[in-house]
Structures are given as C-alpha cells and as structure tokens.
Amino acid sequence: MFEFLVRLGDDRLVIGHRMAEWCGHGPILEEDIALANIALDYTGQASALLALAGDMEGKGRSDDALAYFRDETQFRNALITELPIGDFGFTIVRQFLFDCHSVLLWEALAACGHATLAGIAAKAIKEDTYHLRHSSEWMRKLGDGTAESHARVQASLDTLWRYTGELFEHDAVDDAVAALGIVVPHDTRAARWRSLVDGVLREATLVVPASPGPMVTGGRRGRHTEHLGHMLAEMQIVARSHPGASW
Amino acid sequence: MMPNPPELASGASAEAARDVAREAAFDARIAAGESIEPKDWMPERYRKQLIRMMSQHAHSEVVGMLPEGNWITRAPSLRRKMSLIAKVQDEGGHGLYIYCGTETLGVDRHDLVEQLLNGTAKYSSIFNYPTLSWADMGVIGWLVDGAAIVNQTILAKTSYGPYARAMIRICKEENFHKRQGYEIVATLAKGTPAQRAMVQDSVNRFWWPSLMMFGPSDTNSPNSGELRRWKVKRKTNDELRQRFVNLTIPQVQAVGLTVPDPDLAYNATTEDWEFGAIDWAEFNEVVRGNGPCNRERIAARRAAHDNGQWVRAAATAHAEKQAQNKTEAA
C-alpha cells in the first residue's frame, strides 16, 4: 500500500513541480495563472497522498519527509512527469496525456475499498477534470492553429508517446493493493485512455506517431532519467541544508 | 461692435468654454466626494494620471511574480510551496484585474504590456532587488505586501470608481499574504541560529527598499499635488511612509529582529517612530533602470512574451478557424 501511494504521490509531486516552473514565464498572463493553479492542485494531491503513505508506513515519516528527504532512486514517479518543461506545447502535451490517465485513475479509485484514498480521489477527480479540459482546449488550439504550432506539438507528441506505456503497467504492487480492495483495471483503463486521447487528437489534427519506438520505463522501480536528480537537487536544497528545522 | 453671441463663437473656443464648464462640474463632484465612473466626462490629465498609476500598478503585480517565483521550486515544505504558488498566482490575478480596470480608461492592455517590455513603463522599484534566501519569501510578504496595503487602503478611497473597487478586493488578498509572510518570518525568527541569521539578513536587505516603495519625499514628488486635488491620492507619500513605519516597528520587535537604522527613535510627543535618512540616490538609480535586477526582470518578461508568440498566434488562428466554421455552418 505504501509503495502504491508513493507512486501516486510522486507522479503528482513531480508534475506539479514542473508545472510550477512556468510561474511568471507563461505565454499570456491568463496561462501564468492557469498553470499555477494546476501546479497547486497537483501539489495538494501529492501532499495528501504522501501523508497517507507515511501513515500507512507507520515510521513517522510525514509528506515533507517523503518529498524532501528521499534520493532520486527512491522516487517512484513515472518518467513522463519528470521530463523538463520544454516549450509551452511540450508542457501541454505532457499534461494532456497525463490528465487523461489521471482522470480515469481517480474514477477507479473513488470507488475503491479504502475510505481515505477514495476521499482523496473524489476531490482530485474534480480538479483533474478541469485540468483535462484546459489541456484538451490547448491541444486543439495548438494542433489546429498555425503550421508552426502544429509542427511543434506534433513533435512533442512524438517524443512523449514512448513514455505513456509506463502509466498502465501492472505489477506485484497492484496485486498487493487489490487484496485490500483497491483495484485499478489497467487494461481496460489503457483502452479508455486511448479512445479519450484519440478523440482530442483528431480534433487537434494530430496523429499518434507511427513508429514511436519501444516504450520507456523504469520510474516505478527508481530507475529515472537524468533529469530527476537535477530537479530534486533544486527542490530539496533548502530543506536538506537545515535538517531538523521547521519552516 | 456687438460681441459675438455664444452660438456664433468659433467652434474651438466654444469647445474650450464647454471644457471649462465641464471641469468645474467635475471638480465639484470630486469635492462632494462622488465616485467617477468610466463613462463620465473627465479631464484629460485625470485620465492620463490614472492610466499611469493603474498601469504601473498592474506592471508591478506582474513583474512582482518573478522575485517570488524564483523560490517556488526551492520552497522547503509542501505547505510553504503551495502557499507561495497561490500567492504568485494571486499577483497574476491582480495584474489581470488592474489591466482590465485600466482598459476602462480607453487604453489597450497590449499597448500597456508593450510599454513594459520596451522599458518605457515603470513598475514598483522593490521588484528590482534580488531574492537571495528563503527568508525573503517571508519578508516580502510582510514588508512589501505590508507597504502595499498601507498604500492601497488609501487607494481604496480613490475618486476613480473602478480603481477603488479593484483596491478593495485586492487589499483583502494582500492582507492574507502579509499575515502569511509574517508567519514565515516569525517561524524563522524562533528557529535555528542559521534560520534566524537568514531572516535578519533579509530584513536588512529589504527594509530601506520597502520604505522607498512609498515614492519620493513630498518635497520632491512631481505628480502629488494634482493627484491630491483630484482625490486620486488622499495621503502624501511621506504620511503613508510614516504610517507604515509606525505599524511595522512593533512587529519587528515582537519577533526579536532589528531594522538597519541606527537613527530609529520613538518620539513620545508625535507618537511616531522617527527614522533615518533615505538614500534617494539609490532610489533614483533603481527607478532609472540601474537597480540590481532591472535588466533581468525586463529580460525575463520579454523572453516570456517572445517565447509565447507562437502560442498566441496559434490561439488567434484557431479562433478564426472556429469562427469561420461557424459562419459556414450557419
């Protein structure tokens, strides 16, 4: 259960952090506000999930202890969340692919047998439905905008596609939580995700890359890209420079 | 020879006569404490002064996102990270809100942004100072938002209705930011020796720039007289500065910190905290564009604007396609 919650929490902690990097640097003021809002939601979800993970672990680790005092090999986020923000289009495509996944995941978890987790899911599904609306709208605008915007987001989609398989992997951790009444049907979810994604891509005049290459994976086992270490170095610097301090 | 009856006077002088009458009526409304609304007649100078003040205010909110945004990725706890993101998001919202308010005076937000990017518009000089430690996130909330509140509480009574209403709303959020900032400061002040040193250093760096936020001294404030007469500004820069110092010094003492001013002394007769001389040469340099971060701040805004060009172009193109599809479908 701890491992399962840390995966969920780390995904949102990391993608929320990436999103927050846009603050003050967005293409229009309205987007500065929207991206900050989304970053805030994901960070809030991460905090709730990591706090619950710490409780379940029973070793007295708080959400902050888990966020700030683990090394990169102990992080369990999917690789797609840790990639640098790229241009606005890259951020939107990543967000869109992740949001589709996240909404479907919360749908399953809102009905799960663990009351606290179901509560987190019920709140998060509202937030992520809004995030998905935001990222889908921008997919349409950028995909079916100018020739340049189309080329840019198609290139981002081509790059990011290889990182989507990891979001639907099933392993022993899923079997273990299934015994606790937490069932995430990865196979049917993957199919629903694909039809959600395809629908928006069609409207956005974008296509799934024909030969994206093999799916990239490893995050769930702590095998990350080179990017996560840099991100954590920045994120953890103040907390780690003052061990034991309160903020 | 008989003088021309009024209806035969030349168009220009008739217009001038009407302006004199309108201005007298306008002054009477100001004197009666009435609120001026967008569709009301107003002297051109009044309109210009308000556009200047409001757009500077909006720019300040937007540029102000940068020094605090600088610490979002390093915030030392998730709770602090979330409140900092929320604060910076609020500032963006304030910027947007005041830009919209400025548009009620017949200017276009894009032109105002252009003035910021090409360096002709001003914004609050405080944001040209760097944020060098986490403690700055507390001290900015406490001192900088605190100073802004002292200014804006008075601006909430300004004669231009849309600006006054914007200030009432914004002040509520700024009060929240200030409390949050002071709470960070208080936490650090009773923290480890390193945290204490960090927060004292931050106060040392931000104290004087915060006092400069109220603008030049009354003896040297070019716009003040006119703004006072029109009740755009209802207190002078020096009055507001003194009010801020009087409010803040007890807060400094309550958390056991000091301000970097050897001349600070309480005057029991006036009940004012008298402070030392402000380095106006430094203020003037920062206003002229030579502060520690002026160039970086504008460069960051310009980069955001330039990097977002293709995004804005796509949004426009998409909207045009949608409109065209609608027309064809109709």
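At 4% relative accessibility, Gln45(A) counts as buried, where buried means under 20% relative accessible area, exposed over 50%, and partly exposed in between, with a 1.4 Å probe and protein chains only. This is a predicted model, in which local features need pLDDT of at least 70 and side-chain atom pairs count only at pLDDT 80 or more, while totals for chains, interfaces and linings use all residues. Residues are numbered from 1 along each chain as its sequence is written, chains are lettered from A and ligands numbered from 1 in the order in which they are written, and side-chain values use heavy atoms, with hydrogens and water left out.

Let me stay with Gln45(A) for a moment. Gln45(A) sits in helix α2 of chain A, residues 29-57; helices here are DSSP runs of H or I with at least four residues, strands are runs of E with at least two, and both are numbered from the N terminus. Leaving aside residues up to four places away in sequence, Gln45(A) touches Arg12(A), Trp106(A), Ala124(A), Glu127(A) and Asp128(A), contact meaning heavy atoms within 4.5 Å.

I turn to the nonpolar cores. A nonpolar core is a set of buried Ala, Val, Leu, Ile, Met, Phe, Trp, Tyr and Cys residues joined through side-chain atoms within 4.5 Å. The largest has 132 residues, and Leu97(A), Tyr46(B) and Trp134(B) touch the most other members. Helix α6 of chain B, residues 135-155, gives this core its largest share, twelve residues. Among the residues that Leu97(A) touches, not counting those up to four places away in sequence, are Ile80(A), Leu157(A), Trp161(A) and Trp193(A). Apart from this core lies another, of 36 residues, including Phe4(A) and Ala239(A).

Next, chain B as a whole. Its secondary structure comes to 13 helices and two strands. The C-alpha atoms of chain B fill a box of roughly 85 × 70 × 35 Å along the principal axes. Of its 330 residues, 50% count as buried.

How do α2(B) and α4(B) pack? Helix α2 (residues 44-63) and helix α4 (residues 78-103) of chain B have axes 7 Å apart, at an angle of about 160 degrees. Axes are lines fitted to C-alpha atoms, for helices over the stretch in contact, and angles run from 0 to 180 degrees between N-to-C directions. The two helices are therefore roughly antiparallel; angles under 35 degrees count as roughly parallel, over 145 as roughly antiparallel, 65 to 115 as roughly perpendicular, and the rest as oblique. The contact includes Ile51(B) and Met54(B) of α2(B), with His94(B) and Ile98(B) of α4(B).

The pairing of α2(B) with helix α7 of chain B, residues 161-189, has axes that come within 13 Å and cross at roughly 25 degrees. These helices are therefore roughly parallel to each other. In this contact, Leu50(B), Met53(B), Met54(B), His57(B) and Glu61(B) of α2(B) meet Tyr163(B), Met167(B), Ile170(B) and Glu174(B) of α7(B).

Finally, a residue in a loop. Asn220(B) lies between α8 (193-212) and α9 (224-229) of chain B. At 53% relative accessibility, Asn220(B) counts as exposed. Its C-alpha atom is separated by 31 Å from that of Asp108(B), 112 residues apart along the chain.
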